[in-house]
Amino acid sequence: MDEGYSNLPTSHLLGSVPAVTQDDRKLGPPAAQAATSRLQEFPPGGGNVGGYRPPGGPADGDVENQADWKGYFNVASYAPYFNVDTDVVVDRLISSVYPMDGFYRKIDANPDMYGPLWITTTLIFMLAVFGNYATYLVQTKKDMDIWNFDVGYFSWAASVMYSYAIIVPVVFFFLFQYFGSRPSLVRFWCMWGYSLFIFIPASVLLLIPVGFLQWVIIALAGGASSWFITLNLKECTEGADLMVLMASASVLQFALALFIKVYFFA
């Protein structure tokens, strides 16, 4: 080798090669890390530089970039929130009935939308069917021969429950942000959706044709659901003094319980 080249450092001959540390190997490829972090945002990947990418998609630009706002209307944005095991959903259902079980910590890393959608849709059908059956029992008790199935129960149940499960979390999301908190919209949707689960067994018990007992059942269900919302809102605000908002959410939850009793099981 020429003497002039022998004195040069090896890095000049081979080029600058960045060192890979042990921590980098443990963390995995940057694409995998980016895909995991996008699952914590809503919509996933909405904050990526250069536009929206579906979660889990290539980070090298293989997917055509889109404007960030289009992510809200892309089916791929919501797919990760429906990728949840049955065991996880069952565990969250149990936690929604037992509020002291740390529900918000369970959904912090991977909130899902499958549970809330299933709960809300099931509750709609149960309110419509059982509400009609409760009316039938009342009319039978009064020796009334004429009874018609009221299809309007379905439209009312669907309108109220879907609106409540979607709009109420959005409203409180913006209110909490306005007062300085940093909530997550998808976690709010998840939490409010699971808060409706207790009304499913309650709607079965409301078929008992005893007025006083019905009021006790709906009061217990509404109180438990309100307490569930209050505890989880307190946990997600990280100690911020937002008692007025939490109390408002609790009252609204109890008002929903009263609506179920008065309209479907009067």
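Visitor: Leaving aside its neighbours within four places in sequence, which residues is N232 in contact with?

Guide: This is a predicted model, where local features need pLDDT of at least 70, side-chain atom pairs count only at pLDDT 80 or more, and totals for chains, interfaces and linings use all residues. Residues are numbered from 1 along each chain as its sequence is written, and side-chain values use heavy atoms, with hydrogens and water left out. Contact here means heavy atoms within 4.5 Å. With neighbours within four places set aside, the contacts of N232 are F103, Y104 and M191.

Visitor: Is N232 buried or exposed?

Guide: N232 is placed in helix α12; helices are DSSP runs of H or I with at least four residues, numbered from the N terminus. Buried means under 20% relative accessible area, exposed over 50%, and partly exposed in between, with a 1.4 Å probe and protein chains only. The relative accessible area of N232 is 2%, so N232 is buried.

Visitor: How far from a polar atom of the N232 side chain does the backbone oxygen of F228 lie?

Guide: N232 has its C-alpha atom 8.2 Å from that of P99, 133 residues apart along the chain. For the side chain of N232, the distance from a polar atom to the backbone oxygen of F228 is 2.6 Å.

Visitor: Which helix gives the most to the lining of the largest cavity?

Guide: On a 1 Å grid over the protein atoms alone, a cavity is a set of points where a 1.4 Å probe fits but cannot get out, and lining residues have an atom within 4 Å of a point. The lining consists of S96, Y194, S195, F197, I198, A224, S225 and F228. Both α10 (185-195) and α12 (211-236) supply at least two residues. With three residues, the one that gives the most is α12.

Visitor: How much space lies in the largest pocket?

Guide: A pocket is an open set of grid points with protein on both sides within 12 Å along at least five of seven lines. Its lining includes Y78, F82, Y162 and W189, and α8 (114-141), α9 (152-178) and α10 each supply at least two residues. Grid points are joined across faces, edges and corners, and a volume is the space filled by probe spheres set on the points. For the largest pocket that space is about 270 Å³.

Definitions and conventions:
A polar contact is a pair of N or O atoms within 3.5 Å; within protein, one must be able to donate a hydrogen and the other to accept it, and residues adjacent in sequence count only if both atoms are side-chain atoms.
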